[in-house]
Amino acid sequence: MGRIQRGSAARLWLAVSVMAVAMFVGLSAAGGRAKPGAGGKGEATVVAQTTPAAVAAQKAAPGDFVGEATCLGCHEDAKKGYHDTQHGKASVSRSPRANQGCESCHGAGKAHADSGDASLILNPKKLSPQKASETCVSCHAKGTHALWAGSQHDQRNVGCVTCHSTHSPKGPSQLKTATEGELCQSCHKNVTNKLHRFNHMPVREGKMQCASCHNPHGSTNQKLLKTGTTVDQS
């Protein structure tokens, strides 16, 4: 009887192990993570964690790409803000310039270049913040950006292009403002007012940044703290 029970347990353990391996392989093959869709219940879209070139290649044929030189022939003003950042470094393997250049993020440009029709090229500025973010998170979906989908900012219709600029950055990390504090204060005015209640305030004095304690791209708690559940623990 003991042998039969041990044999059954071994078979059960083997079956569970096989199922676990199958699930892992399936998820790995998907190459992304599901994000709730904006349509109806149960709808979901897959946010692939891959390079911009791979994303663009899924939407267009090789002949639909015209190359960065063609784009800059008209959009020379967009060159400086792009080439002077990590996005414009060909030595960075995952950067747009190391792949399809401008078309890595804006999509294949042949139809747009041939006709001049602005509707035939992807312009994140003309999309909703959440829709525009889909292009950004096709690359920026790891590390501190891993919890962006469904985060407090994402749910409140704040997107990547709300805070960052690819072509006209003024501050670090391609921020639209010169400093991180200026950017956060543009929305969180109630928090800014609290900084003036005390004589000594490291954030106000520039010795700390909001991101010293918070992760604006998403966290496991409501206050977007990097660690712990209260500011004292962070």
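Guide: A residue is called buried when its relative accessible area is under 20%, exposed when that area is over 50%, and partly exposed in between. The model discussed here is predicted.

Visitor: Which residues of helix H7 are buried?

Guide: In H7, the buried residues are Pro129, Ala132 and Ser133.

Visitor: What makes these buried residues of H7 line one face of the helix?

Guide: Viewed along the axis of H7, the buried residues fall within an arc of 105 degrees, and therefore they line one face. The element against which these buried residues pack is H9.

Visitor: Why is the pairing of Glu134 with Lys131 called a salt bridge?

Guide: The criterion is a side-chain nitrogen of Lys or Arg within 4 Å of a carboxyl oxygen of Asp or Glu. The N to O distance between the side chains of Glu134 and Lys131 is 3.7 Å, which is within 4 Å, so the pair qualifies. Side chains of opposite charge can pair when their charged atoms come close.

Visitor: How are Glu134 and Lys131 placed relative to each other, and what separates them in helix H7?

Guide: Glu134 and Lys131 are 3 residues apart in H7, which spans residues 129-136, so about one helical turn separates them. An α-helix has 3.6 residues a turn, so residues three or four places apart point the same way.

Visitor: Why are Glu134 and Lys131 called partly exposed?

Guide: Glu134 has a relative accessibility of 36% and Lys131 one of 45%. These values lie between 20% and 50%, so the term partly exposed applies.

Visitor: How many salt bridges does a search of the whole structure find?

Guide: The search finds 5 salt bridges. Among them is the one in which the side chains of Asp84 and Lys80 meet, at 3.4 Å from N to O. Asp84 and Lys80 are each exposed.

Visitor: What makes Lys207 and Glu205 a salt bridge?

Guide: The closest N and O atoms of Lys207 and Glu205 are 4.0 Å apart. The limit is within 4 Å, so the pair is counted. Lys207, at 65% relative accessible area, is exposed because that value is over 50%. Glu205, at 35%, is partly exposed.

Visitor: How accessible are Cys74 and Cys105?

Guide: Cys74 has a relative accessible area of 68% and is therefore exposed. Cys105, at 29%, is partly exposed.

Visitor: Why is Gln174 called buried, and where is it placed?

Guide: The relative accessible area of Gln174 is 15%, a value under 20%, so Gln174 is buried. Its place is in the loop between helix H9 (160-163) and helix H10 (180-185). A polar atom of the Gln174 side chain lies 3.5 Å from the backbone oxygen of Thr166.

Visitor: What makes Thr177 buried, and which residues does Thr177 contact?

Guide: Thr177, in the loop between H9 and H10, has a relative accessibility of 18%, which is under 20%, so it counts as buried. Beyond its neighbours within four places in sequence, Thr177 is in contact with Lys170, Gly171, Glu182 and Leu183. A polar atom of the Thr177 side chain lies 2.8 Å from the backbone oxygen of Thr179.

Visitor: What are the phi values of Asn157 and Ser173?

Guide: Asn157 has a positive phi of about 65 degrees although it is not a glycine. Phi of Ser173, also a residue other than glycine, is positive and near 55 degrees. Asn157 lies in the loop between helix H8 (152-155) and H9, and Ser173 in the loop between H9 and H10. Asn157 is partly exposed at 41% relative accessibility, whereas Ser173 is exposed at 59%.

Definitions and conventions:
Residues numbered from 1 in each chain as written. Predicted model: local features only at pLDDT ≥ 70, side-chain atom pairs only at ≥ 80, totals over all residues. Heavy atoms only, no water. Buried < 20%, exposed > 50% of the residue type's maximum accessible area, 1.4 Å probe, protein only. Helix = DSSP H or I, 4+ residues; strand = E, 2+ residues; numbered from the N terminus. Polar contact = N/O pair within 3.5 Å; in protein donor to acceptor, adjacent residues only side chain to side chain. Contact = heavy atoms within 4.5 Å. Arc of directions from axis to C-beta.
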